[in-house]
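Please open the model in your viewer and have its selection panel to hand. The tour moves from one selection to the next and says what is to be found at each stop.

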Amino acid sequence: MIPVDQVIVQIVNGLVNGMILALVASGLTLIFGIMDIVNFAHGDLFMLGAYVGTTAFLTTGNFWVALAVSVVTMAMLGAALQVTALRPLVGRDPLTTILATFGISLVIQNYALWQYGPVPRKILEPVTGHFRLFYVEYPWYRIVIALMSAAIIGGLYLFMKYGKHGIWIRATTQDRVMASAMGIPVPWVHTVVFAIGAAMAAASGVLFGPTVGVNHAMGFDFTLRAFVVVVVGGMGNLGGSILASIFISLLESLATIWVSPAQAVIVSFVALILTLLIRPTGLFVPTPK
Amino acid sequence: MSTLTPPASTAAERELDTRARGDGPSAAYWTGFVIVVGALALSPFVLPDFWQRFTTEILIWGLLAMSSDILIGYTGMVSFGHSAFFGLGMYGAAAALLAVRPPNLWLALAAGLVAAAVVAVFVAYFSTRLRDIYFSITTLVFSQIFYVIIFTWTEVTGGENGLTFRQPPFGVPGVFSVPFTRNGLHWFVLAVVTVSYLLLRRITQSPFGMVLQSIRENEPRTRAIGYNVERYKIVAVMLSGTFAGLAGALYAVQNKFAAPDFVLFLISGETVIFNVMGGMGTLVGPVAGAAFFLLMKEAFSRIFYEYYLIPVGIIFTLMVIFLPQGLLGFLRRRLNQ
């Protein structure tokens, strides 16, 4: 007997979570696609963005200002990180970047723990109120999250397609050497991309913040899921990672009908393993290369 | 071959010839080895209580780091899943110590080894088909899967609280049995770790080990020469996992408990840190890396309390950028003769 009302609620949950995950994962996939850097610290940028958001929110009392402040701060931090820690590693084997970003992740996590303490912080949601969805009072805010994430991703897509920097970024992805020969400042493009990735992670952190408490460990879960998404969706494939985010989140949410949330996460892992075995280039990639 | 190559005439050629043949470790190596092991054996008489236990723990983590070096340093596959092997070695030993009365040391070690080996086969089968970053992510994912299983399967694993048990005595069943003293346990651990080191060294210097190193250097070429790379990788993962399980079993015996915290990704991460800091591909390096990391952790904990990972993380990142060969990396050639 399939409980239809539970299924529908979980589908809505899955879509909302999927959009947040898509926002985080698209930053990660962008960074990987351009620079071949697996950013272990991405979830921690998400977490730090959420924390910066809480501070900004406490001082200004306005959610949207907090969002803007967090995004700009984290973009600058991301750029700084890339210039200091990752630029020296260009050309070295990928293992080194994984290790370097892992080290950065440790520092960020513990820094957040140090500065903000272990007690979760709260941001108030800008849109309160619920609507009735079957047996549950579903908060409007969650729908707002999904729409905003979609808007940001849409903005990114348009930027990549039509913006000058966007075209530079796409050119660098396709052929770094040729792009450099054409006069595109490749190191600057790398820094910008990392900054954009960090900014998107921060935005998702602030958006996600009101739904759960902001605490220093929330990043790792997202890093892990973002990795799964990036692999399942195809490394460097923006559209694929969005579809994969929604897919994975739907699977997880539906799984929570039968198992506890802690165990539901295994579902995404199984999806990852199956993808790697059957279609390693990604489930949503049109033809395997 | 000796009939085809002309006899080496100059001193340089002779030196090159010796190096190529790999005459085995030099006298300097063995002297260093004896000194280090001797110092560790004598430490119970010199060090105060806390540092003594600390040294024993360093040895155990060093064993874990050594096991991971087989994969990271010799085969070139970065595994972020060693916490699974370590944890299962721990829980395997715990199971043996709880199930069998009176608790038997050798059974515990064997159970830990077997548990870790079984998991290693499982993980190896799935992850060795993948290269580089996909391998790392898969091992990471597996360690998380095992963490979730151990954490939620409360009836068998004690869930969040883990398992506690009594320390088994040292002895041969039926012949003699003497309970472990703190020093006795240290010597036992030292003996196990030293034997493991010698074993692993033997393996890495063998033709099998040479193939692993060849896979690290240039996998497509190794495949082109005709070696079945997947099979070698699977054996490498199993070997690595088994020794990691041994470390886990030793940890369980030393500390008398098993907890899911040890299956967390952080343990895998620390293992990789030990390897990088100490020098990959040297076997001894990771042990030094473990010592270095744990000492730093102790030192920084006094100043920064539980935020010691901030300076340690910064040091680690700087080492990755500026000193990628690690502390003992410069000795890599010498240690691998």
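The stops below cover confidence, the contact between the chains, and then some individual helices.

Before selecting anything, bear in mind that this is a predicted model, and that the predictor gives the complex an ipTM of 0.81 and a pTM of 0.83. Colour chain B by confidence: its mean pLDDT is 82, and 90% of its residues reach 70 or more. Within chain B, the lowest confidence falls in helix H1, residues 11–21, with a mean of 57, while the highest falls in helix H11, residues 229–255, at 90. Where pLDDT is low, the predicted coordinates should not be read in detail.

Next, show both chains and turn to where they touch, a contact that involves 31 residues of chain A and 28 residues of chain B. On the chain A side, select helix H4 (94–116), helix H9 (218–233) and helix H11 (261–278), which are the elements that give two or more residues to this contact. H4(A) gives the most, with 15 residues. If you then colour the chain A side by residue class, you will find 26 nonpolar and five polar residues, and no charged ones.

Staying in chain A, select helix H2, residues 42–60, whose 19 residues reach 27 Å from the first C-alpha to the last, close to the 27 Å expected at 1.5 Å a residue. Is this helix enclosed or open to the outside? Of the 19 residues of H2(A), 15 are buried, so the helix is largely enclosed by the rest of the structure.

Now move to chain B and select helix H3 (residues 49–75) together with helix H12 (residues 265–278), which pack at an angle of about 75° with their axes 9 Å apart. That angle makes H3(B) roughly perpendicular to H12(B). To see the contact itself, display the residues of H3(B) that take part, including Trp61(B), Leu64(B) and Ile72(B), and their counterparts in H12(B), among them Val272(B), Phe274(B) and Asn275(B). Taken by class, the residues of this contact comprise six nonpolar, five polar and one charged.

Finish at Leu295(B), which lies in helix H13 (residues 284–304) of chain B. Leu295(B) has 12 other C-beta atoms within 10 Å, and is therefore exposed.

Note on methods. Residues numbered from 1 in each chain as written. Chains lettered and ligands numbered in written order. Predicted model: local features only at pLDDT ≥ 70, side-chain atom pairs only at ≥ 80, totals over all residues. Axes fitted to C-alpha atoms, helices over the stretch in contact; angles between N-to-C directions. Helix = DSSP H or I, 4+ residues; strand = E, 2+ residues; numbered from the N terminus. Parallel < 35°, antiparallel > 145°, perpendicular 65-115°, else oblique. Contact = placed C-beta atoms within 7 Å. Nonpolar A, V, L, I, M, F, W, Y, C, P; charged D, E, K, R; others polar. pLDDT = per-residue confidence, 0-100. Expected span 1.5 Å × (residues − 1). Buried ≥ 20, exposed ≤ 12 C-beta atoms within 10 Å, placed from the backbone.
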